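Thanks, everyone. I'd like to walk through one chain this morning. Please have the view open as I go.

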Amino acid sequence: ADTNYQGILVNGTNAPTVSFAKGTDTIPVWKVGLSGSDPDDLAFGKGAGNSNLFRLLGAGGASLLGTLTAEHLGIDGYLYHNGDGNTKLLFGTDTIDLQTGGSTRIRAENSGVVITGVTTHEGHVLPSADSTYDLGSSSKYWRHVYADNVTGGGGGVVIGDDIITRNLKVNGISTFIGISTFNNATFHDNVTFGDTITAGGATGSNGQYLKSTGSGVAWASFP
């Protein structure tokens with residue numbers, strides 16, 4: 001016998017167990033003993049039968065069946081489901097990683113959240129404050145943006161199949177394909193038209209020029 005052992009020593013070859021019952025009851029409320037499936041494990045059970053709620057594993061670690069309720073839970077390592085070591089929550093210094101397939105998909109750290117892979121979102125994405133945060137930066141651009149409409153400038157600019165804006169400034173060569181309507185437009189440099197120009201309800205003819213009428217423009221002929 002172990003001469004350093006003091007207390008109650010329970011020996012047995014068939015899952016020796018210590019049971020606890022209330023009063024003169026013969027059915028135990030709790031049982032503590034070696035597991036019948038692995039005698040190296042210490043099992044905790046409730047009531048009659050062989051079911052275990054909690055086991056301390058001889059190989060290291062523990063096994064819990066049911067719901068764990070704790071005010072504080074300290075984890076040195078990771079949480080995984082049903083022995084799937086490739087899908088887990090990994091706790092590090094100031095970081096939490098959600099891993100699937102053995103790779104980190106979401107990482108929460110002091111500076112924010114990093115998501116790896118395709119993100120599918122259902123619902124609206126809203127900033128917590130108006131006109132405060134950016135999408136991308138001056139050094140990190142999004143490559144393509146696919147959207148039905150893009151609204152900006154306090155709602156005064158809408159970019160969709162049509163572009164609606166209050167003021168438009170274009171630097172460099174601009175090519176307009178299709179019908180282009182300019183109201184009160186001012187051109188400060190040469191303008192080249194590659195197709196028919198309609199003014200005052202007429203398309204004009206060779207040798208004519210555009211003349212201001214006070215309320216618009218019209219085609220006129222040189223005297």
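Start at Trp-30. Its opposite number in β3 is Lys-46. Keep in mind that this is a predicted model.

That pair belongs to the β2 and β3 pairing. The two strands run antiparallel, and 5 bridges join them. Now go to Leu-34. β2 itself covers residues 30–34.

Next, the other side of β2. There we have β1. The two are antiparallel and share 4 bridges. For a landmark, take Ser-19, which faces Lys-31 in β2.

Now β3 again, this time looking towards β4. β3 spans residues 42–46 and β4 spans residues 54–56. They pair in the antiparallel sense, with 3 bridges. Pick out Ala-43 here. Its bridge partner in β4 is Arg-55.

Which residues of β3 sit on the covered face, and which on the uncovered one? Ala-43 and Gly-45 make up the covered face. Leu-42, Phe-44 and Lys-46 are on the uncovered face.

Which strands supply at least two patch residues each? That would be β8, at 95–100, and β10, at 112–115.

Is Ile-115 buried, exposed or partly exposed? Its relative accessibility is 48%, so Ile-115 counts as partly exposed. The cut-off for exposed is over 50%.

Over to β8, and to Gln-99, which is placed in that strand. Gln-99 has a relative accessible area of 10%, so this residue is buried. What does the Gln-99 side chain contact? It makes a polar contact with the side chain of Thr-104, at 3.2 Å.

One last stop, in β7. That strand runs over residues 84–92, and Gly-92 is part of it. Gly-92 counts as partly exposed because its relative accessibility is 44%. Now set Gly-92 against Asp-162. In sequence, they are 70 residues apart. In space, C-alpha to C-alpha, the separation is 50 Å.

To recap. We have a nonpolar surface patch, with β8 and β10 each giving at least two residues. And we have Gln-99, buried, in polar contact with Thr-104 through their side chains. That's it from me.

Note on methods: Residues numbered from 1 in each chain as written. Predicted model: local features only at pLDDT ≥ 70, side-chain atom pairs only at ≥ 80, totals over all residues. Heavy atoms only, no water. Pairing = 2+ DSSP bridges. Buried < 20%, exposed > 50% of the residue type's maximum accessible area, 1.4 Å probe, protein only. Polar contact = N/O pair within 3.5 Å; in protein donor to acceptor, adjacent residues only side chain to side chain.
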